[in-house]
Amino acid sequence: MQIALQTKLKAMLWDIPENKRSELSFEILADPYAMFQKDEQLLLKALNSLKWYELTKLISKQNLLLLLTDSTIQKLYPVQRRIYYTNARRLLSKYLVPSSGQST
């Protein structure tokens, strides 16, 4: 899965020079949440390029919920993708239990 995901990340970064593309894909795999939080354009590329199960494998569902802000979703194209991620965020927020609310 890691190699397939790295290949998809490199394809997602097609508009970046080859040497930087490899480096960036390794950085994303190492800490995807930090990279997507730091660079919204990378997050938008990932949301437009990767499938849902690939995103949830790469980023935890809790972190994905944190990254799916209104402003980020509004930058997605086409409109159907905005609707898709608006619904995804709504469902994630409904079904994910905050860590402070879990019983131990």
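**View 1. Val-79 in helix α8.** Val-79 has a relative accessible area of 44% and is partly exposed; the label covers values between buried (under 20% relative accessible area) and exposed (over 50%), with a 1.4 Å probe and protein chains only. Val-79 lies in helix α8, where helices are DSSP runs of H or I with at least four residues, numbered from the N terminus. From Val-79 to Met-12 it is 20 Å in space, C-alpha to C-alpha, and 67 residues in sequence. Please keep in mind that this is a predicted model, in which local features need pLDDT of at least 70 and side-chain atom pairs count only at pLDDT 80 or more, while totals for chains, interfaces and linings use all residues. Residues are numbered from 1 along each chain as its sequence is written, and side-chain values use heavy atoms, with hydrogens and water left out.

**View 2. The largest nonpolar core.** This core has 28 residues, and those touching the most other members are Ile-28, Phe-36, Leu-55, Leu-58 and Tyr-85. A nonpolar core here is a set of buried Ala, Val, Leu, Ile, Met, Phe, Trp, Tyr and Cys residues joined through side-chain atoms within 4.5 Å. Two or more residues come from each of α1 (2-12), α2 (18-30), α3 (32-38), α4 (40-49), α5 (52-58), α6 (61-67) and α8 (79-95). The most are given by α4, with 5 residues.

**View 3. The surroundings of Phe-36.** Leaving aside residues up to four places away in sequence, Phe-36 touches Ile-28, Leu-42, Leu-43, Ala-46, Leu-58, Ile-59 and Leu-67. Contact means heavy atoms within 4.5 Å.

View 4. The structure holds 3 aromatic pairs; rings of Phe, Tyr and Trp (its six-membered ring) pair if their centres lie within 6.5 Å, and planes under 30 degrees apart count as stacked, over 60 as edge-to-face and the rest as tilted. One of them joins Trp-52 and Tyr-84 edge-to-face, at 6.5 Å centre to centre with 80 degrees between the planes. Because Trp-52 sits in helix α5 and Tyr-84 in helix α8, this pair ties together parts that are 32 residues apart in sequence. Trp-52 is partly exposed, at 26% relative accessibility.

**View 5. Tyr-84 beside Tyr-85.** Tyr-84 is partly exposed at 43% relative accessible area. Its ring centre lies 5.0 Å from that of Tyr-85 and the planes are at 85 degrees, so this pair is edge-to-face. Tyr-85 is buried, at 2% relative accessibility. Through ring pairs, Trp-52, Tyr-84 and Tyr-85 are linked into a cluster.
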